[in-house]
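Here is a short note for a colleague who has not looked at this structure before. Please keep the 3D view open while reading.

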Amino acid sequence: MGSTRKARLNIHVQGWLLALPAVALLATFTHIPAVTTVLDSLFSTPHGRQPAAFIGFGQYRTMLADPIFWRAFDNNLLYALVTVPVAIALALVMALWVNGHIKGRATLRLAFFTPTILPMVAAANIWLFFYTPGYGLLDQIGRLFGFASPNWLGDPATALPALMAVTVWKEAGFFMIFFLAALQQVPPDLYEAARMENAGRWQIFRRITWPLLMPTTLFVAVNALINAFRIVDQVIAMTGGMNGGGPDNATMLLLFYIYQVAFSFWDTGYAAALSTVLLAVLGTVALAQFFLLDRRIHYR
Amino acid sequence: MSERLSTIAITGAAWLLGLIWGLPLLYAVWAAVHPSAFSTNFDLFAPLTWHNFARAWDAAPFARYFLNTVLLVLGIMAAQFVICTLAAFGLARWKFAGGEVLFALILVQLMVTPDVLIVENYRTLYAVGLIDTLTGVGLPYVASAFGIFLLRQTFKSIPRELDDAARMEGASTLQTLLRVYLPLARPVYVAYGLVSVSYHWNNFLWPLIVTNSVETRPLTVGLQVFASVDQGIDWSVICAAALMTSAPLMIAFLIFQRGFIQSFLRAGIR
């Protein structure tokens, strides 16, 4: 009796000991900083000898009146609303093509997937060249068809869409892989049965493929959504470094604004409040996933 | 007949999209292997040159950046393997008190990645004197929720009988882990390793914040500094540098294409 209890205690101790290094590191770099970020957002930024003072929701009042914050928030929302569906739709189409009997499918798969492997900074610098007014490739092609050459990254109207294009280009091939895997799991006799019934291409997709791909689509959508709110590399690399954010803050996004406020303006209190907003957004996505979607699809 | 026509249309559309997707990279390759004068001038008979790569290599300490990135990605991967294996093993095979809650808490990091908490994490690193060190760049990523999750699922799928058999023969916990679990989970480690290496080879924001010297800067940060500060606008050289920093991963990908794609899949399906 005594020895089994001891053995059971042993199991608890061993289990925790095994998890301990990971738990300590995760607590240090994820859980504790998440909590301190929220707490810090209720204090002012310390300046020199003046320590941080409790100011309640002062930072948030500043935020509500801060047009750059709203710019970043709206831009980010728009970014997610455009890039997530477009990247997913393209990924699905790519997967259907590459999965079928199309000519040169290996080459196509390579072309679609390669952007995924490139570092965003490298890709961004290449696209920068692409977008250069006057002699960038886009302008050369445009001139061929007689279009005037816009300054893609310099014009507030086109700067954000230009970044969106890079994101879609980079992510679609990655998402394609997940659809490809899902497509390969569809039992072939379903398609055979449909063909016996003389179902057309669109009908087969609508009635068989699409419903079976639903879990994958949701999984990809959640990941794409999280990514959309953490985009920052392109902004730094393409629209002007630390003090950038594009013409008239046209490409200002949440994480970039946090980075700028914290490491360029050194206003850590305000940066904490901005980070809290980002945490809230990510938390909302997490909760939506948890409650709205079938949990078994994702985590079991 | 209309079936054939639509097949041709679909193939055409697929190739058009494939071309668009490949264009930026092909364009960069074009610019990098031709003299600057031809970077925006598409003459099929333009002379080929390696000069741009040489100029990029000489203009910034890329050799050091390469070393930093290699040390960083290998260090992170090794540390992740050890720490995530231990935690995943504990969570998969010990029904210890609080294990379920702990696992849920670990999964939080899938959403709240370290780059969201840059302000606090910078402060933490500053407090322990790890700013501008490779350890500081890697440390927040070492305990990866993704790795723990992936390995836990794998360990759970390994039949308990194998574990029991090893113990009957007197193997200790560590020996069981090393002799039973690790060999069976090998493909998952390969997959996780590839995903981890490509993620950290490409990671940018956190290293940008933490490093501020040549001795610690990884390639991505080095490239950005090079493209924005060291260099005027010479696209040929910038394209050469961009290709150079991506080359090892790209070459590895081209050689092990199937393995790479399979790994991303294995790691992504959860």
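The points below go from the fold of one chain to its contact with another and then to a single residue.

1. The model is predicted, and its local features are described only where pLDDT is at least 70. Totals for chains and interfaces use all residues.

2. Chain A is built from 13 helices and 0 strands. Its radius of gyration is 24 Å, well over the 19 Å that the globule rule gives for 300 residues, so chain A is more spread out than a compact globule. Along the principal axes, the C-alpha atoms of chain A fill a box of roughly 80 × 75 × 30 Å.

3. Of the 300 residues in chain A, 43% count as buried. Taking contacts in chain A between residues at least 6 apart in sequence, 67% join residues at least 24 apart.

4. The contact between the two chains involves 68 residues from chain A and 70 residues from chain B. On the side of chain A that touches chain B, helix 1 (residues 2-40) gives the most, with 20 residues. By class, that side of chain A has 50 nonpolar, 15 polar and 3 charged residues.

5. One residue to look up is A:F219, which sits in helix 9 (residues 201-228) of chain A. Is A:F219 buried or exposed? A:F219 counts as buried because 20 C-beta neighbours lie inside 10 Å, and the cut-off for a buried residue is 20 or more. A:F219 and A:A286 are 67 residues apart along the chain, and their C-alpha atoms are separated by 12 Å.

Terms used:
Residues are numbered from 1 along each chain as its sequence is written. Chains are lettered from A and ligands numbered from 1 in the order in which they are written. This is a predicted model: local features need pLDDT of at least 70, side-chain atom pairs count only at pLDDT 80 or more; totals for chains, interfaces and linings use all residues. Two residues are in contact if their C-beta atoms, placed from the backbone, lie within 7 Å. Helices (H or I, at least four residues) and strands (E, at least two) are DSSP runs, numbered from the N terminus. Ala, Val, Leu, Ile, Met, Phe, Trp, Tyr, Cys and Pro count as nonpolar, Asp, Glu, Lys and Arg as charged, and the others, Gly among them, as polar. A residue is buried if 20 or more other C-beta atoms lie within 10 Å of its own, exposed if 12 or fewer, and partly exposed in between; C-beta atoms are placed from the backbone. The radius of gyration is taken over C-alpha atoms; the globule rule is 2.2 Å times the number of residues to the power 0.38.
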